[in-house]
Amino acid sequence: MRRLFKLSLQKPELAGALLLLVLVIVFQIRSDYVFLSVNNIRGILGLLPETALVALGVTLLMICGEFDLSVGSVFALMPMTMAVLVVGGWPFWLAVGAGLLVCAFIGFLNGWITIRFDIPSFITTLGMMFMARSLTVVVSGGFPPRIRPGEVPSWIFAGFVDDGGLIRASVLWFIGIAVLISLLLSKTNFGNWVRATGGFMPAAAAMGIPTGKVKIACFMICSVLAGFAGMIQSLRLNSFLPSIGEGMELQAVAAAVIGGTALAGGVGSIIGGLIGATLIRVIDNGMVMSQVDANWFKFAIGALTIFAVVGNAWLRRRGRAMKVETDK
Amino acid sequence: MTTPIIETRNLHKWYSGVHALKGVSLKVERGQALGLVGDNGAGKSTLINILSGLHRQDDGEVLVEGQQTDIRNPKDAMGLGIETIYQYNSMVPLMSISRNVFIGREPLKWSIGGFGILDEKKMREDSVKAIADVDLHLRSPDALVGELSGGQRQGVAIARAMHFKSKVMILDEPTNHLSVKETAKVIGFVKGLKAQGVTSIFISHNMHHVFACCDRIVAMALGQIVLDKPVSETSIEEVSEKL
Ligand SMILES: Nc1ncnc2c1ncn2[C@@H]1O[C@H](COP(=O)(O)OP(=O)(O)OP(=O)(O)O)[C@@H](O)[C@H]1O
Ligand SMILES: [Mg+2]
């Protein structure tokens, strides 16, 4: 039992993984065995990398002790910027680069304002959420830009990579990026600084870690990932709408939290964020497949989020009550 | 006489109206165990926070080994061999012991521009060794610091400072809120420093602790030094009277 506690304390994403497994089985049965059909998995895999990329960035940022509510707007702003530039005659890759730079700049602003004026990132990014959304509409000029299919190499990001048409390039991009960020967090000194900064900032600062810069870097990574995810979605649907990504910010926070990331910072893992995002997509899709009224979706995510936070807090309290023994 | 390892000259510090240090000049000799005492708000923490790079003086000079130095941040202080141990500030509870020992100074397998891959094996081995060197016995370097008792935590903090070859160790009330037994342990660590030739500045409200492990007492009141004597030439009564 003790060991179980310790394990769930060190790997807070385990509970989420377990729940995921149970849900998959339940949905498979309830949907008369079409939940795990190729067609349905294709549907889930289309949307999953996009949600998960956003969740990944938000998870990293939360581990560092900050929030980002502007990811949903950045999700829309990046593809819009890119599309407008492409329509305006820019080469595709240059437009992609410019779009990502815009995201990086927004992330920088989020971080810089938060650190410089010592205000909660909740507020900074709430403001940025409105501003970036507004910018998206302004940039579009009221008319969604049209890019003819085949005009840009969408397939690199959203095309199917296998003959069966199951796995899209976006899945591979996602896996690659997830592995990278995960290694960054667990195997590098930067990752150590991120955890220390989010875990207990006075200690990190006293040990000479540039906590402000570390946070700004995380804000930037988070924004760039959100923009990249938005670009993938837009290329997949080949439509550039100023309204995409609304509500994404809260789903991303929910995914991170369900995956075991602590609201106070310092704790969490990339795999946890991935499990959280998968849970959200599976619940969304599974409810439709088992013919539950789709309006229950948000209820389910909300309840799960609260449950996850309560459960993790409880685990941590229990964990704190246990001391390691010394052999002296 | 040899050059003092740390010397301050006429340090002043204001905090928006509060004159926290009013011209503090202090010489700390190599290998000395200096006890710094004073009432709440006397300016002890302010003084040592300047030495450890958390704050900067508004006026006055700091000399390290005779060289005038500008300590701009904790990294600078650590680079000069000044390590500080605070009651709360020095460990991240939800990180492992080995990660805590190397926060900000991680050994890297390879790196580009200061960023790189952690050498986790070395971190584990070195932290085990560092902890054993201060006579603390912990089962695993992978345990979370949050699972340690207060005394063990201070032990790890001291082990960390020792590992990085600190020349001067500053301890700001390291025994606050510790049980009697744990306090004894920390006092033991502090005494051990002297044996290893490390200069120390030990701040405590408990005169008995200070008298037990220091060989010189400096007392502060209202931002000034009011007494500075070898332990053998003063008494708890005399020091208490000055505060
Ligand atoms: N960050 C700060 N901002 C404003 N005033 C401060 C700050 N730090 C200390 N002070 C003030 O400076 C004076 C000296 O404080 P300091 O913390 O150095 O005292 P101390 O001797 O360490 O006291 P204690 O024994 O309570 O720790 C006090 O009047 C305190 O209120
Ligand atoms: Mg103090």
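Modeller: Chain A has 14 helices and zero strands. The model is a predicted one.

Colleague: In what pattern do the elements of chain A follow along the sequence?

Modeller: The pattern is α-α-α-α-α-α-α-α-α-α-α-α-α-α.

Colleague: Why is chain A called as compact as a globular protein of its length?

Modeller: The globule rule gives 20 Å for 328 residues. The radius of gyration of chain A is 20 Å, close to that value, so the chain is as compact as a globular protein of that length. Along the principal axes, its C-alpha atoms fill a box of roughly 75 × 55 × 35 Å.

Colleague: What share of the residues in chain A is buried?

Modeller: Buried residues make up 53% of the 328. The cut-off for buried is under 20% relative accessible area. Chain A exposes about 14,800 Å², and carbon and sulfur atoms supply 70% of that area.

Colleague: Among contacts in chain A between residues at least 6 apart in sequence, how many join residues at least 24 apart?

Modeller: The share is 76%.

Colleague: Now a single residue. Where is A:Gly46 found, and why is A:Gly46 called buried?

Modeller: A:Gly46 is found in helix H3 of chain A. Its relative accessible area is 4%. Buried means under 20%, so A:Gly46 is buried.

Colleague: What is the phi of A:Tyr33?

Modeller: Phi of A:Tyr33 is positive, about 65 degrees, although the residue is not a glycine. A:Tyr33 is in the loop between helix H2 (14-30) and helix H3 (38-63) of chain A.

Colleague: Why does A:Tyr33 count as exposed?

Modeller: The relative accessibility of A:Tyr33 is 55%. Exposed means over 50%, so A:Tyr33 counts as exposed.

Colleague: Which residue of chain B has a positive phi without being a glycine?

Modeller: B:Lys165 is one of them, with phi near 55 degrees. Its place is in the loop between helix H5 (150-163) and strand E9 (168-172) of chain B. B:Lys165 has 66% relative accessibility, so against the cut-off of over 50% it counts as exposed.

Colleague: How many helices and strands are there in chain B?

Modeller: Eight helices and twelve strands. The radius of gyration of chain B is 18 Å, close to the 18 Å of the globule rule for 243 residues, so chain B is as compact as a globular protein of that length. The C-alpha box, taken along the principal axes, is roughly 50 × 40 × 40 Å.

Colleague: What share of chain B counts as buried?

Modeller: Of its 243 residues, 55%. The accessible surface of chain B comes to about 10,600 Å², and 51% of it belongs to carbon and sulfur atoms.

Colleague: Why is B:Thr199 called buried?

Modeller: The relative accessible area of B:Thr199 is 0%. That is under the 20% cut-off, so B:Thr199 is buried. The residue lies in strand E10 (residues 199-203) of chain B.

Colleague: Which residues come nearest to ligand 1?

Modeller: Of the 13 residues around ligand 1, these are B:Asn40, B:Lys44, B:Ser45, B:Thr46 and B:His205. By class, the shell has four nonpolar, six polar and three charged residues. H1(B) gives the most to the shell, with three residues.

Colleague: How do you know that B:His205 makes a polar contact with ligand 1?

Modeller: A polar side-chain atom of B:His205 lies 2.8 Å from an oxygen atom of ligand 1. The limit is 3.5 Å, so the pair is a polar contact. For B:Glu173, a polar side-chain atom lies 3.1 Å from a ligand 1 oxygen atom. B:Gly41 has a backbone N or O atom 2.8 Å from an oxygen atom of ligand 1. The protein covers 63% of the 630 Å² of accessible area that ligand 1 has on its own.

Key
Residues are numbered from 1 along each chain as its sequence is written. Chains are lettered from A and ligands numbered from 1 in the order in which they are written. This is a predicted model: local features need pLDDT of at least 70, side-chain atom pairs count only at pLDDT 80 or more; totals for chains, interfaces and linings use all residues. Side-chain values use heavy atoms; hydrogens and water are left out. A residue is near a molecule or strand if one of its heavy atoms lies within 4 Å of it. A polar contact is a pair of N or O atoms within 3.5 Å; within protein, one must be able to donate a hydrogen and the other to accept it, and residues adjacent in sequence count only if both atoms are side-chain atoms. Accessible areas come from the Shrake-Rupley method with a 1.4 Å probe; for residues, only the protein chains shown count as cover. Helices (H or I, at least four residues) and strands (E, at least two) are DSSP runs, numbered from the N terminus. Ala, Val, Leu, Ile, Met, Phe, Trp, Tyr, Cys and Pro count as nonpolar, Asp, Glu, Lys and Arg as charged, and the others, Gly among them, as polar. The radius of gyration is taken over C-alpha atoms; the globule rule is 2.2 Å times the number of residues to the power 0.38. Buried means under 20% relative accessible area, exposed over 50%, partly exposed in between (1.4 Å probe, protein chains only). Contact means heavy atoms within 4.5 Å.
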